[in-house]
Amino acid sequence: MNTQAEAKKFLTREAQSLRTRVDRLVPFSLTMTMPPAARVSDEAMASMESHMKASRRKIRRQIDQFVQWIHSPEGQSLPVDKIQQRYALLKMQYNALLSQFDIFADVLVQRSESGTGVWIAGLDDLASDAMKIHGYRQKLPPLACYLDRGHGAAIRRAQARLPGGESNPVAIIRIPRERMVGQGIGSSLVHEVGHQVAAMLDLVNPLRITLQAQQRASTGAERIAWVCWERWISEIVSDAWAVSKLGLCASLGLIGVVGLPRGFVFQVSLEDPHPFPWIRVMTSLAFGNALHPDPNWQRIAAIWEAMYPLRKLDQETLGLIIALRATLPRFASLVLAHRPQALGGMTLGQSMLRDGRSPQRIAQVWQAYANRTDRLYELPPSLAMAAIGQARFHGQVPPESESRLISKLLIEWSVQSSLSLPRGQAQSVKPSAAASLQTQSAVGRFSHV
């Protein structure tokens with residue numbers, strides 16, 4: 001047998017082998033074992049299964065077409081190196097399919113872990129609640145969480161590109177294991193949700209245009225500050241979203257995440273889309289105060305500055321911080337006064353205010369539930385997290401109790417979701433007067449800017 005013919009047969013068998021391996025990628029519903037309370041939402045599971053079914057069908061069709069092409073007059077007339085090039089592209093498509101499979105498998109496989117799986121399902125409920133946008137009329141995407149190693153949380157947004165180029169059908173949020181179960185988990189999770197919200201509302205690019213206008217109207221250190229705000233806007237918007245849902249708890253959780261050795265806290269880099277930690281915390285607090293003016297924001301800022309004083313900084317870094325702080329109130333007002341088209345005329349600040357997560361209101365919520373914390377599940381998950389985090393800051397909840405409360409809530413939420421019951425109705429409870437606090441808000445602010 002000549003080499004050309006033998007090589008073509010070899011590539012045919014390799015392609016057929018790919019198809020056999022594709023057939024082994026059976027639906028997740030046939031392989032994943034998890035208690036009902038730990039499962040992802042039906043919509044998320046259906047979206048992942050439908051996507052993988054379509055992807056498997058597509059790669060099978062490509063493999064069959066490749067094998068047919070090899071035996072066609074065109075394939076028989078081409079040298080083997082040309083056929084190999086086409087096979088290599090086909091194999092890359094197969095590897096992209098495996099990458100997609102692994103992405104979804106990472107989400108699902110942990111649901112079988114005792115205890116952890118139910119916690120993760122509770123995180124799904126917290127994230128879903130935090131994704132609710134007042135004034136937004138379109139359907140929200142399904143989402144699912146999972147745990148991983150490392151320091152930082154991350155999101156693979158719905159409709160973002162998966163390996164191979166397909167659109168991701170489910171928002172997938174990765175949470176570091178080291179944040180289970182404590183104050184930082186809510187802040188990290190809702191920050192990642194904020195990235196999905198920013199994409200749905202198309203916030204980042206229009207805000208960049210606004211910030212570029214500020215740069216053109218400024219000079220010197222002030223102009224450099226506006227350049228920084230533009231560079232960091234995607235992360236800042238997500239931090240602001242976390243503040244709007246969690247109140248003080250968002251900024252306190254952020255401190256827990258970025259409270260690193262001093263050298264890192266003041267390390268400025270415009271290559272990083274995140275503001276350097278010192279100014280990032282101050283920015284989070286500034287947005288909180290802009291939404292809900294309260295002395296507690298200044299109190300936390302004073303604690304942060306006492307932990308990381310500005311003395312002994314080099315003049316360049318100190319000068320940048322002074323310029324950033326000088327422009328911060330105007331920057332926060334510009335962001336909150338932005339009117340995304342998807343909100344139908346409402347400003348971003350107005351939408352955020354509808355949740356009414358001021359320190360005063362959250363304190364009232366905690367006061368109503370302090371002696372019956374077993375009923376906290378009656379509240380929207382993000383409000384319950386906000387109340388617990390703020391109570392811990394005020395010394396009303398010790399860290400040990402905080403962790404137990406959050407763990408219990410995650411389980412309660414996952415059980416309610418598995419039973420498809422409305423929030424707070426797992427035991428046929430009557431809505432309390434305190435629960436009605438969640439509908440109060442001061443909507444007028446930022447409407448005139």
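In this predicted model, Gln 159 touches Ser 167 and Asn 168, leaving aside residues up to four places away in sequence. Gln 159 has its place in the loop between β2 (154-156) and β3 (171-176), and with a relative accessible area of 57% it is exposed, since the cut-off for that class is over 50%.

**The chain as a whole**

- Taken along the principal axes, the C-alpha atoms of the chain fill a box of roughly 85 × 60 × 45 Å.
- The accessible surface of the chain comes to about 20,100 Å², and 52% of this surface belongs to carbon and sulfur atoms.
- When contacts in the chain between residues at least 6 apart in sequence are considered, 77% of them join residues that are at least 24 apart.

- The C-alpha atoms of Gln 159 and Pro 141 are separated by 8.9 Å, while the two residues are 18 residues apart along the chain.
- His 51 has its place in helix α2, and because its relative accessible area is 11%, which is under 20%, this residue counts as buried.
- Leaving aside residues up to four places away in sequence, His 51 touches Gln 100, Phe 104, Leu 162, Glu 166, Ser 167 and Pro 169; Ser 167, one of these, is also touched by Gln 159.

**Helices α8 and α9**

- The axes of helix α8 (residues 220-246) and helix α9 (residues 248-258) come within 6 Å and cross at roughly 130°, and α8 and α9 are therefore oblique to each other.
- On the side of α8 the contact is made by Asp 239, Ala 242, Val 243 and Leu 246, and on the side of α9 by Leu 248, Cys 249, Ala 250, Ser 251 and Leu 254.
- The residues of this contact of α8 with α9 divide into 7 nonpolar, 1 polar and 1 charged.

**Ser 188 in helix α6**

- Ser 188 lies in helix α6 (residues 183-201), and it counts as buried because its relative accessibility is 6%.
- Its contacts, not counting residues up to four places away in sequence, are with Ala 153, Ile 175, Arg 179 and Val 257; of these, Ile 175 falls within β3 (171-176), and Val 257 within helix α9 (residues 248-258).

**Aromatic pairs**

- A search of the whole structure finds 9 aromatic pairs, and one of them is the tilted pair of Phe 66 and Tyr 87, with 5.9 Å from centre to centre and 45° between the planes.
- This pair links distant parts of the chain, with Phe 66 in helix α2 (residues 42-70) and Tyr 87 in helix α4 (residues 80-109), 21 residues apart.
- Phe 66 counts as buried at 2% relative accessibility, and Tyr 87 is likewise buried, with a relative accessible area of 6%.
- The rings of Trp 232 and Phe 276 have their centres 5.9 Å apart and their planes at 75°, so this pair is edge-to-face.
- Because Trp 232 lies in helix α8 and Phe 276 in the loop between α10 (262-265) and α11 (277-291), the pair ties together parts that are 44 residues apart in sequence, and both Trp 232 and Phe 276 are buried.
- Trp 232 and Phe 276 also belong to a cluster in which ring pairs link Trp 226, Trp 229, Trp 232, Phe 276, Phe 287 and Phe 331.

**Positive phi values in loops**

- Most residues other than glycine have a negative phi.
- Asp 202 is a residue other than glycine with a positive phi, near 55°; Asp 202 lies in the loop between α6 and α7 (204-216), and it is partly exposed, with a relative accessible area of 46%.
- Lys 312, also not a glycine, has a positive phi of about 70°; Lys 312 is found in the loop between α12 (295-307) and α13 (315-336), and at 81% relative accessibility it counts as exposed.

Key:
Residues numbered from 1 in each chain as written. Predicted model: local features only at pLDDT ≥ 70, side-chain atom pairs only at ≥ 80, totals over all residues. Heavy atoms only, no water. Axes fitted to C-alpha atoms, helices over the stretch in contact; angles between N-to-C directions. Helix = DSSP H or I, 4+ residues; strand = E, 2+ residues; numbered from the N terminus. Parallel < 35°, antiparallel > 145°, perpendicular 65-115°, else oblique. Contact = heavy atoms within 4.5 Å. Nonpolar A, V, L, I, M, F, W, Y, C, P; charged D, E, K, R; others polar. Buried < 20%, exposed > 50% of the residue type's maximum accessible area, 1.4 Å probe, protein only. Areas by Shrake-Rupley, 256 points an atom, 1.4 Å probe, with all protein chains shown as cover. Phe/Tyr/Trp six-rings, centres within 6.5 Å; stacked < 30°, edge-to-face > 60°.
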